[in-house]
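Subject: Structure handover

Hello,

Here is the structure for you to look over. My notes on the helix packing follow below.

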Amino acid sequence: RSVSDITRDAWLMSSIGSEMGAIGDILKNGLPLIPNIENHASAIAQSSRLIASAFEQKVVAGPTDARPEIWSDTEKFKQAIQKMQSEAELLATAVGEGNTDQIPARVKALGQSCGGCHESFRKPKEESYKNK
C-alpha cells in the first residue's frame with residue numbers, strides 16, 4: 001500500500017469528520033448558519049460515495065485504523081456506508097426544504113450511522129496508529 005493510498009483514506013475520513021464537526025458547531029453554538037448545514041450534509045453524502053473505493057485494498061497493519069472486518073464482512077461495510085450516505089442526504093433535504101424542526105433528529109441519525117460504522121470497522125481510539 002502506498003503513502004498516497006493512506007493519505008487518501010485518512011483525508012476522506014478526516015473530511016467527513018470535519019463536516020460533522022461543522023454541523024455540530026452550528027447547532028451547539030446557535031450560529032445563524034442553519035442553511036449551511038445542507039452543504040455540509042451534501043459533502044458528507046458525496047464523500048461517502050468514495051469510502052468503498054478508498055478501502056478496496058486490504059490493509060491490516062501499519063498506519064491504519066481500519067479493522068480487518070472491512071474486508072471480511074464487505075457486505076455489512078457497504079451497508080453501513082449506504083446508511084451514512086442516506087442519512088446525510090435526508091439531512092440535506094430537510095434543511096433544503098426548510099424543515100428545520102427535523103434537523104435535530106436527522107443529525108442524530110447521521111451521527112448514529114457514523115458511530116455504528118466506527119464500532120464495527122474502526123479500531124478503538126486507544127489502538128489508533130495516531131496514538132503510537
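Is the crossing in which H2 passes H4 left-handed or right-handed? It is left-handed. Bear in mind that this is a predicted model.

**H2 against H4**

Helix H2 covers residues 36-54, and helix H4 covers residues 74-96. Their axes lie 8 Å apart, at an angle of about 160°. An angle over 145 degrees counts as roughly antiparallel, so that is how H2 and H4 run relative to each other.

On the H2 side, the contact is made by Ile37, Glu38, Ala41, Ser42, Ile44, Ala45, Ser48, Arg49, Ile51 and Ala52. H4 contributes Phe77, Ile81, Met84, Gln85, Ala88, Glu89, Leu91, Ala92, Val95 and Gly96. By class, the contact of H2 with H4 holds 13 nonpolar, four polar and three charged residues.

Gln85 deserves a look. This residue sits in helix H4. Its relative accessible area is 12%, so Gln85 is buried. Leaving aside residues up to four places away in sequence, Gln85 touches Ala45, Ser48 and Arg49.

**H4 against H5**

H4 also packs on H5. Here the axes come within 9 Å and cross at roughly 165°. H4 is therefore roughly antiparallel to H5. The crossing of H4 past H5 is left-handed.

From H4, the contact takes in Lys76, Phe77, Ala80, Lys83, Met84, Glu87, Ala88, Leu90, Leu91, Ala94 and Val95. From H5 come Ile103, Arg106, Val107, Ala109, Leu110, Ser113, Cys114, Cys117, Ser120 and Phe121. The contact of H4 with H5 has 15 nonpolar, two polar and four charged residues.

**H5 itself**

Helix H5 spans residues 103-121, 19 residues in total. From first C-alpha to last, H5 reaches 27 Å, close to the 27 Å expected at 1.5 Å a residue. Which residues of H5 are buried? They are Ile103, Val107, Ala109, Leu110, Ser113, Cys114, Cys117, Ser120 and Phe121.

Glu56 lies in the loop between H2 and helix H3 (69-72). Is Glu56 buried or exposed? Its relative accessibility is 64%, so Glu56 counts as exposed. Glu56 and Ile70 are 14 residues apart along the chain, and their C-alpha atoms are separated by 9.1 Å.

Best wishes

Note on methods: Residues are numbered from 1 along each chain as its sequence is written. This is a predicted model: local features need pLDDT of at least 70, side-chain atom pairs count only at pLDDT 80 or more; totals for chains, interfaces and linings use all residues. Side-chain values use heavy atoms; hydrogens and water are left out. Helices (H or I, at least four residues) and strands (E, at least two) are DSSP runs, numbered from the N terminus. The expected span of a helix is 1.5 Å times one less than its number of residues. Buried means under 20% relative accessible area, exposed over 50%, partly exposed in between (1.4 Å probe, protein chains only). Axes are lines fitted to C-alpha atoms, for helices over the stretch in contact, and angles run from 0 to 180 degrees between N-to-C directions. Angles under 35 degrees count as roughly parallel, over 145 as roughly antiparallel, 65 to 115 as roughly perpendicular and the rest as oblique. A crossing is left-handed if the near helix is turned anticlockwise from the far one by less than a right angle, and right-handed if clockwise. Contact means heavy atoms within 4.5 Å. Ala, Val, Leu, Ile, Met, Phe, Trp, Tyr, Cys and Pro count as nonpolar, Asp, Glu, Lys and Arg as charged, and the others, Gly among them, as polar.
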